[in-house]
Amino acid sequence: MGIRDQELARLQKYAEGLGIKVVWSKNSSSKYGAMWVLDQANNVELHMYTWNSASKTLLILNFLHELAHHLAYVHQGRTLSEPLVKALNHQVTETANKKHRELIYKVEVSDSSYRKTIAHEVGLRISEAKLDMDIAVDDFIYYTYWQENRFPKLPEIRKFKKQWKEKNNA
Ligand SMILES: [Zn+2]
């Protein structure tokens, strides 16, 4: 088992230790790389999607992204605010207005601060710079969503990454 596979297995154990059921699916039609799902009975599932061109590092970053949402949820006493639930439901049905999208953006940015804690706890070898860039990319993605009600396309994300690397000497 390669190092990245071991790290994915450790993330899975970590998630299961927090009471999360991790569900993997291949080639899903979801436009998200992963999803944190809370059901009516307060059970949490983490939906992880894989596809042929997805690197192990990308899967690890997606895993961290969703686990960070979970940690934020745990730190808030395992509750989600009413406005956030509303905004997320609107996101799913693509009916979110600018206020809903602003809240989603703010939660994305604030929850992302947990990613480094988890990476450290699980002992991931991923570099600080890679994590910083991933957090910056998500900030860019959700800022675009807030402002323009759309997610940036792949070329825009590539351009953002390139500029970020130049700016941060990464
Ligand atoms: Zn997120």
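Helices and strands are here DSSP runs, of at least four residues for helices and at least two for strands, numbered from the N terminus. On that basis, the protein chain of this predicted model runs α-β-β-β-α-α-α-α-α-α from its N terminus. This amounts to seven helices and three strands. The radius of gyration is 16 Å, close to the 15 Å that the globule rule gives for 170 residues, so the chain is as compact as a globular protein of that length.

**Overall dimensions and contacts**

- Taken along the principal axes, the box filled by the C-alpha atoms of the protein chain is roughly 45 × 40 × 30 Å.
- Buried residues make up 24% of the 170 residues in the protein chain.
- Of the contacts between residues at least 6 apart in sequence, 63% join residues at least 24 apart.

**Nonpolar core**

- In soluble globular proteins, nonpolar side chains tend to be buried together.
- The largest nonpolar core in this model comprises 21 residues, and those with the most contacts inside it are Met48, Ile60, Phe63, Leu64 and Leu67.
- Two or more residues of this core come from each of helix H1 (3–17), strand E2 (34–38), strand E3 (44–50), H2 and H5.
- The greatest contribution to this core is that of H2, which supplies seven residues.
- Beyond its neighbours within four places in sequence, Met48 is in contact with Val22, Val23, Trp24, Ala34, Leu59, Asn62 and Phe63.

**Packing of H2 with H5**

- Helix H2 (residues 56–75) and helix H5 (residues 115–122) have axes that come within 9 Å and cross at roughly 105 degrees.
- Because angles of 65 to 115 degrees count as roughly perpendicular, H2 is roughly perpendicular to H5.
- On the H2 side, the contact involves Leu64, His65, Leu67, Ala68 and Leu71, which meet Arg115, Ile118 and Ala119 in H5.
- The residues of this contact comprise six nonpolar, one polar and one charged.
- Leu64 and Leu67 of H2, which take part in this contact, are also among the core residues with the most contacts inside the core.

**Packing of H4 with H6**

- Helix H4 (residues 98–111) packs against helix H6 (residues 128–148) at an angle of about 170 degrees, and their axes are 8 Å apart.
- Since angles over 145 degrees count as roughly antiparallel, H4 and H6 are roughly antiparallel to each other.
- H4 contributes Arg101, Glu102, Ile104, Tyr105, Glu108 and Val109 to the contact, while H6 contributes Asp138, Asp139, Tyr142, Tyr143, Tyr145 and Trp146.
- By class, the contact of H4 with H6 contains seven nonpolar and five charged residues, with no polar residues.

Definitions and conventions: Residues numbered from 1 in each chain as written. Predicted model: local features only at pLDDT ≥ 70, side-chain atom pairs only at ≥ 80, totals over all residues. Rg over C-alpha atoms; globule rule 2.2 N^0.38 Å. Buried ≥ 20, exposed ≤ 12 C-beta atoms within 10 Å, placed from the backbone. Contact = placed C-beta atoms within 7 Å. Axes fitted to C-alpha atoms, helices over the stretch in contact; angles between N-to-C directions. Parallel < 35°, antiparallel > 145°, perpendicular 65-115°, else oblique. Nonpolar A, V, L, I, M, F, W, Y, C, P; charged D, E, K, R; others polar. Core = buried A, V, L, I, M, F, W, Y, C linked by C-beta atoms within 7 Å.
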